[in-house]
Amino acid sequence: THVKKMNIDSEALKNELETLMKKMIDTVHERHSEIEKVSESQRISAVNLIQYLTLRKEDIRLLQDKLHIAGLSSLASSESHILRQVQALLLRLGKKFSPKDISLCDYTKGRDLIKSRSNQLFGAKKDSRIPYLMVTFDSLLEDNHQMVVDLLNAGMNIARINCAHDNDKSWKKMIESVRKASKETGISCKIYMDIGGPKMRTTILGKGKKSAKVTLYEGDEFTLAEKDAKYDTSGIVIGCDEKDIVKQLKRGERVLFDDGVIEAIVLSNHNGLANLKVVRNSKKKNTLKAQKGMNFPESHFTIPALTENDRLALPFICEHADLIGYSFVREASDIKKLQKELSQYNKKPTIILKIETSDAVKNLPSLLLQGMHEDVFGVMIARGDLAVEIGFERMSEIQEEILWISEAAHVPVIWATQVLDNLNKSGIATRSEVTDAFYAGQSECVMLNKGEYILRTLKALTDILRRSGEHHVKKRFAFRPMQIASRYLKS
């Protein structure tokens, strides 16, 4: 009756929802073989993920408006139980269902799955109102036991060690300090270790080699070379620490340096010698130093995400870590390789998929389904490299989509990189980063990088997240077609 008063055609609305429901159910049948491959404990999540992707392939913004006008759920914030929400709407509109046809994945089931998997990943925590808190360690904390105690008392739940830095002796000292402090305080703390992945960093091979830096202006041309190639050392020649990268570059592809501050384009490439032109340099001094990061957002490389150095670090990681961060994942086969490597160990850490490349975003559904071969795993939105790869202007949109899709898969998410970064480094927060920290509360875990003011930053983050948890209510989102969903369902 209420629907008719609002001038909404209830039968037409019911037909639209029934068509949508049928598509969701049919797609699950079509993808049955994929669903059967995942862990039995993950099948309800795999089904919900595929149903959500089916819905997000459609443009349902007009349908959402009709539902909203009718005083019904607009399907926003229903990621964890999407088919059941559609069925709940149909029930309101008078459709009858037999009990066997009603989806078992309702709001409570979806919420409980994410909560239980978060507990499995990150352990116990004192304050249920805020996400888990991860802090990045460095060698300075090896001998600063009191600081580790203070961090635990301030809310740290996970200690992060980046295996791209230091060595196993240093890692062991950090871990021992955490274990000792945890025992003293009675506060549990998980150990998370990142494997480094391919080293996409600059080396100066020609002019400027002694000072380990070169000057590059917009419009300048220079050479990007394999280290074993024959190049003119009198010119500007830059190399990459990772072998066989330059050989695979194609004309027209972009190469980004130093967190995207310098952008160049490939003009030509012959025998491991690529000619590049600088199209943008946002640095005041126009310099590029050695050991700065490189990103290749449009290139597709045939290099493994799991390097030989990563394999050498696995015995230590498996012995000491609770969680393992998998860097520069691009496709499902990358995850399969790590899963195979870890299967050789009696004790193995839980995998966290680091989403930090444009390929990882495009292939996110496949990555999640491969991750579901495990009973539990997590996702990290590694916003540093990801923002460079996809473009800073798209970062807000993409991190939101990763949150939605991961919630549909009931996968806990870590929100990482540059959270309260200015406060951490200088002691003073910017207005924009406080807002960013507030929205980090949408995730299950928030990561802080190392910094001089880490304790002050951790306390500030706890306060911001507590206010977020008490005040933040999800907005109503309009569901235009999502490219990630369309791409996966076409495959």
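# Note on the salt bridges, ring pairs and backbone of this model

1. Glutamate 298 has a relative accessibility of 33% and counts as partly exposed; buried means under 20% relative accessible area, exposed over 50%, and partly exposed in between, with a 1.4 Å probe and protein chains only. The areas themselves come from the Shrake-Rupley method, and only the protein chains shown count as cover for residues. The model is predicted: local features need pLDDT of at least 70, side-chain atom pairs count only at pLDDT 80 or more, and totals for chains, interfaces and linings use all residues. Residues are numbered from 1 along each chain as its sequence is written, and side-chain values use heavy atoms, with hydrogens and water left out.

2. Glutamate 298 forms a salt bridge with arginine 254, and their closest N and O atoms are 2.7 Å apart; the term stands for a side-chain nitrogen of Lys or Arg within 4 Å of a carboxyl oxygen of Asp or Glu. Helices (H or I, at least four residues) and strands (E, at least two) are DSSP runs, numbered from the N terminus.

3. Which other residue does arginine 254 meet in a salt bridge? Its partner here is glutamate 263, with an N to O distance of 3.7 Å. Arginine 254 is partly exposed, because its relative accessibility is 24%. Glutamate 263, in contrast, is buried, with a relative accessible area of 16%. A network of salt bridges links Arg254, Glu263, Arg280 and Glu298. Across the structure there are 28 salt bridges.

4. Another salt bridge joins aspartate 463 to arginine 467, where the closest N and O atoms are 3.1 Å apart. Both residues lie in helix 18 (residues 454–471), and the four residues that separate them make about one turn of the helix. Aspartate 463 is partly exposed at 34% relative accessibility, whereas arginine 467 counts as exposed at 52%.

5. How many aromatic pairs are there? The count comes to five; rings of Phe, Tyr and Trp (its six-membered ring) pair if their centres lie within 6.5 Å, and planes under 30 degrees apart count as stacked, over 60 as edge-to-face and the rest as tilted. Phenylalanine 296 and phenylalanine 301 have ring centres 5.2 Å apart and planes at 80°, so this pair is edge-to-face. Phenylalanine 296 is buried at 2% relative accessibility. Phenylalanine 301 is buried too, with a relative accessible area of 11%.

6. On the surface, a patch of positive charge gathers Lys57, Lys362, Arg487 and Lys490. Patches are made of residues with over 30% relative accessible area and no salt bridge; like charges are joined within 9 Å, and nonpolar side chains (Val, Leu, Ile, Met, Phe, Trp, Tyr) within 5 Å. Lys and Arg count as positive and Asp and Glu as negative, with His and the chain ends not counted. A charge is placed at NZ of Lys, CZ of Arg, CG of Asp or CD of Glu. Lysine 362 is in helix 12 (residues 358–362) and is partly exposed, with a relative accessible area of 33%.

7. Most residues other than glycine have a negative phi. Leucine 75 is not a glycine, yet has a positive phi of about 80°. Leucine 75 is found in the loop between helix 5 (61–69) and helix 6 (82–92). Is leucine 75 buried or exposed? At 0% relative accessibility, this leucine counts as buried.

8. Aspartate 259 also has a positive phi, of about 60°, although this residue is not a glycine. Aspartate 259 lies in the loop between strand 8 and strand 9 (262–270). With 51% relative accessibility, aspartate 259 counts as exposed.

9. Two further loop positions can be located by C-alpha distances. Glutamine 291, in the loop between strand 11 (287–289) and strand 12, is partly exposed with a relative accessible area of 42%. The C-alpha atoms of glutamine 291 and lysine 23 are separated by 50 Å, the two being 268 residues apart along the chain. Tyrosine 453 lies in the loop between strand 17 (445–448) and helix 18, and counts as partly exposed at 25% relative accessibility. From tyrosine 453 to alanine 321, 132 residues apart along the chain, the C-alpha separation is 26 Å.

Notes. Accessible areas come from the Shrake-Rupley method with a 1.4 Å probe; for residues, only the protein chains shown count as cover.
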